[in-house]
Amino acid sequence: MANPNIANAATITGITTLVSIGATNTYQTLLSNANGSGKIYKLNTILAVNDDGGNSADVNIRYNMEAAGAGTSFALAHTVVIPAQSSVTVIGKDNPIYVTENNSVTVSASAANDIDVVCSFDEFS
């Protein structure tokens, strides 16, 4: 199935997904749009939160050219320092990213169990 024309979408649904990065420097899938889904995801916000009480941590966010974190990937954020007990908006409504069919977004961090990532997006179908 082809990506839908978002101007003629039958349904637009707001969704929030969350990932707690559990392993150091290991990419986890934040959002995946399956091949043939008939959907487009418009990323409105990606927020990285460091819940460690005393140490900063780096976060990496990548756009993958295949679903489930596969394929060639490109940096959306690279080694962005998140101070202790702070958050950083990586993507906001002023610079949205579209995740089309058979594409995905992955995240990693320099410290295990310190970074949570929140993603708010619109699903067009």
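Start by selecting Arg-62 and Thr-106: Arg-62 stands opposite Thr-106, which belongs to strand β8. Strands here are DSSP runs of E with at least two residues, numbered from the N terminus. What you have open is a predicted model, in which local features need pLDDT of at least 70 and side-chain atom pairs count only at pLDDT 80 or more, while totals for chains, interfaces and linings use all residues. Residues are numbered from 1 along each chain as its sequence is written, and side-chain values use heavy atoms, with hydrogens and water left out.

**The sheet**

Now colour β4 (residues 57–64) and β8 (residues 103–109). They run antiparallel and are joined by six bridges; two strands count as paired if DSSP finds at least two bridges between them. Strands of a sheet pair through backbone hydrogen bonds, either parallel or antiparallel.

You now have an open sheet of four strands, in the order β2-β8-β4-β5, with antiparallel pairing. Look at its edges: β2 (28–33) and β5 (73–82) each have a single partner strand, so one side of each has no neighbour in the sheet. From one strand to the next, the twist averages 15 degrees, taking axes as lines fitted to C-alpha atoms and angles from 0 to 180 degrees between N-to-C directions.

**Along β8**

Is β8 enclosed or open? Seven of its seven residues are buried, so β8 is largely enclosed by the rest of the structure. Buried means under 20% relative accessible area, with over 50% called exposed and partly exposed in between (1.4 Å probe, protein chains only). Show the side chains: Asn-103, Val-105, Val-107 and Ala-109 point one way, and Ser-104, Thr-106 and Ser-108 the other way.

Zoom in on Asn-103, a residue of β8. Asn-103 counts as buried because its relative accessibility is 7%. Its side chain reaches the backbone oxygen of Met-65 at 3.3 Å. That is a polar contact, a pair of N or O atoms within 3.5 Å; within protein, one must be able to donate a hydrogen and the other to accept it, and residues adjacent in sequence count only if both atoms are side-chain atoms. Then pick Asn-33, whose bridge partner in β8 is Asn-103. That takes you to the pairing of β2 with β8, which is antiparallel and spans five bridges.

**The other end of β4**

Which strand holds Ala-57? Ala-57 lies in β4. At 1% relative accessibility, Ala-57 counts as buried.

**The core**

Select Ile-21, Leu-30, Leu-43, Ile-46, Ile-61, Val-105 and Ile-115: these have the most contacts inside the largest nonpolar core, which has 25 residues. Such a core is a set of buried Ala, Val, Leu, Ile, Met, Phe, Trp, Tyr and Cys residues joined through side-chain atoms within 4.5 Å.

**Last stop: two rings**

Finally, show Tyr-41 and Phe-121, both buried. The structure holds one aromatic pair. The ring centres of Tyr-41 and Phe-121 are 5.0 Å apart and their planes stand at 55 degrees, so the pair is tilted. Rings of Phe, Tyr and Trp (its six-membered ring) pair if their centres lie within 6.5 Å; planes under 30 degrees apart count as stacked, over 60 as edge-to-face and the rest as tilted. Tyr-41 sits in β3 and Phe-121 in β9, so the pair ties together parts 80 residues apart in sequence.
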